[in-house]
Amino acid sequence: MNRILLPSIYFIFLSTWMMFVVYSCKSPVGPPQPDQDNGGLSLPGGFGALVVVDSIGKGRHLAIRENGDIYVKLRYAREVGSNVALRDTTGDGKADIISYFGEYEDEGSLANGMRIHDGYLYYSAARVVYRNRLVPGKLIPDSPMEIVLTDDHEHGIHWHITKPVSFDREGNLYVPFGSPSNACQDLVNKPGGIPGSEGLDPCPELIEHGGVWKFPKDKLGMTQKDGELYATGIRSVVAMAFNQQDNHLYLVMHGRDNLHLLYPETFTPWESAVLPSEEFIKVTQGADYGWPYCYYDQIQGKKVLAPEYGGDGKIIGRCGDMDDPVMGFPGHWAPNDLLFYKGEQFPERYKGGAFVAFHGSTNRGPYPQSGYFVAFVPFENGQPTGDWEVFANGFAGTNPIVNVSDAEFRPMGLAEGPDGSLYISDSNKGKIWRILFTGDKHSFGEESLAAMEVQKQLANIRTPHPEEDNMDRGKQPQGNQVYSTYCAPCHQRDGKGAAGRIPGLHQTDWVSGDKERLIRIVLEGLDGEIEVNGERYDNVMPAHGFLDDQQIASVLTYLRQHFENQASPILPEEVASLRTDSQE
């Protein structure tokens, strides 16, 4: 018996030893090589990019585990799971394992959170923050899904319902509760505002919205009442991060919209396109950053009174008592993620600085859309040391960007890998880039940044010229006038909407079908989930009953006979009849 076993045991031992020797003699695996075209991106000198995965679904925020595994929050992915996990098993930087998970109710199009903290994976639906404990060695966490926080408000109409999360050094949790309106207008009639209307004063939304709340460490099953209001006057937040270096929470706020549409005699279309600022805020406890009474004008470098409260773009009034941001970015760029760089891979000037992903505007018409890039802000001792810079551009794949649907990709989420690489997610198709530094850190300087300074002159980044860049200059077709003013800011000039948020108007029964339904949508608005041409949407279509019967008839006739629709016109009498009916 022993004589028979000995040769076999010896053979197994020898084979194992040889495999160990061969594996031990292999050269250490180095960082992956960037793609030849850098995944279509323009980057500073010495940087390169590779595409980790091409299309996993509409990606939102993402997080990277210490072993390099990638977790991405998805928008509208109920059939397969609203989260996706990625793993690279070959070392080439490309994900070769892609697994979907997370069966939970994912209401709306704006769910976005995905963060790793203290061994847990945190992710957010529109109203709920969840977490799973990550299990060593397992890509998909099979631990119980725990509910950390539930937004238990009866929202009704609500625009800014995102739930990004951040943690301070002690593990306390920070979550924003965004405003249900544009500038504290009457939520019943029109949350976006009616031309010339006043804002509610004092603003009742500020009791439970329009700010950031702080919650205790590691507590489950919380609602807003379990937290404390940390800072107020903050309209809408998607980009938020805790800077461990200076022990402060930071965010980049989405500024208010529609200055010209609501106050055409006070603000020009150009002012409405470039203002107000997307505010980069260093959040301090007890601070008030002014919304809805004030907004920051990055051109003047100060906060001014909002028109809903008597402002004209110059008056400061009560805004002199409000807290200012550390920096103001141009309007409507849609800051959707924020990351403070802690790694060692990038040159020293990036250490401690802030990356901001600008998802890109939808409502800059009649000027080209803007944003659609990743910016960098150098930091030192809790303050920017200079102006913002272009770090990565080229996501849209076209320039100028006339309609949001023209953009092939839109940068959404940011995450830092264990080796100091920067990962960027896309919300259109779910492309993910990994940016690496492959140059000489000691020689990195102004010459390396020169090409990115030139990028500031591209149409998606530079400040548009009031006349030369106005795409409606001298050619406003009469039949398109109402559409261009009131509809195009959301549905876009080409009628294709914004993927996942605003439905398109092309060849759809919502436009060419039932006249009564279409008229009522304009008169009364629409709230809740609908399906348009096979894609789900869950957003707010504000009522436009302030338009007269002729305006509504003309714009709906325009829709029914354009954008590949072929349907009969709508008459002012038909609008008048339904308006009377809806008011009874």
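Rings of Phe, Tyr and Trp, the last by its six-membered ring, pair if their centres lie within 6.5 Å; planes under 30 degrees apart count as stacked, over 60 as edge-to-face and the rest as tilted. By that rule, this structure holds 46 aromatic pairs. A pair is described by the distance of the centres and the angle of the planes. Take one of them: the rings of Y558 and F563 have their centres 5.9 Å apart and their planes at 85°, so this pair is edge-to-face.

Before I go on, a note on the model. It is a predicted model, in which local features need pLDDT of at least 70 and side-chain atom pairs count only at pLDDT 80 or more, while totals for chains, interfaces and linings use all residues. Residues are numbered from 1 along each chain as its sequence is written, and side-chain values use heavy atoms, with hydrogens and water left out.

Back to the pair. Are Y558 and F563 buried or exposed? Both are buried, where buried means under 20% relative accessible area, exposed means over 50%, and partly exposed is in between, with a 1.4 Å probe and protein chains only. F563 has a relative accessible area of 11%, so it counts as buried. F563 is found in the loop between α8 and α9 (572-583). Helices (H or I, at least four residues) and strands (E, at least two) are DSSP runs, numbered from the N terminus. F563 also has a positive phi of about 55°, although it is not a glycine. Most residues other than glycine have a negative phi, and most peptide bonds are trans. N258 is not a glycine either, and has a positive phi of about 65°; N258 lies in the loop between β15 (248-253) and α2 (259-262).

There are cis peptide bonds to mention as well. One runs from L275 to P276, with omega near -10°, and P276 lies in the loop between α3 (269-274) and β16 (278-283). Another joins N399 and P400, where omega is about 5°; P400 lies in the loop between β25 and β26.

Now the strands after that loop. Strand β26 (residues 411-416) and β27 run antiparallel and are joined by 4 bridges; two strands pair if DSSP finds at least two bridges between them. P411 has D426 in β27 as its bridge partner. The hairpin of β26 and β27 has 5 residues between the strands, and G420 there takes a positive phi near 90°. On to β28 (residues 432-437): this strand pairs with β27 in the antiparallel sense over 4 bridges, and L422 stands opposite I435 in β28. The hairpin of β27 and β28 has 5 residues between the strands too, and in this hairpin G430 takes a positive phi near 90°.

How many of the residues of strand β27 (residues 422-426) are buried? The count is 5 of 5. Next, the cores. A nonpolar core is a set of buried Ala, Val, Leu, Ile, Met, Phe, Trp, Tyr and Cys residues joined through side-chain atoms within 4.5 Å. In soluble globular proteins, nonpolar side chains tend to be buried together. The largest core here has 25 residues, and those with the most contacts inside it are F346, Y350, F355, F391 and I435. At least two residues of this core come from each of β1 (47-53), β21 (354-358), β22 (373-377), β25 (389-392), β27 and β28. A second, separate core has 23 residues, including C184, Y263, A306 and M322.

K163 lies over the face of F177, at 5.1 Å from the ring centre.

Last, a helix. H491 has its place in helix α5 (residues 481-491), and counts as buried because its relative accessibility is 14%. Its side chain reaches the backbone oxygen of P503 at 3.0 Å. That is a polar contact: a pair of N or O atoms within 3.5 Å, where within protein one must be able to donate a hydrogen and the other to accept it, and residues adjacent in sequence count only if both atoms are side-chain atoms. After α5 comes Q492, whose phi is positive, near 75°. The cover over the buried residues of α5 includes α8 (549-560).

Conventions. Lys NZ or Arg CZ within 6 Å of the ring centre and 35° of its normal. Contact = heavy atoms within 4.5 Å.
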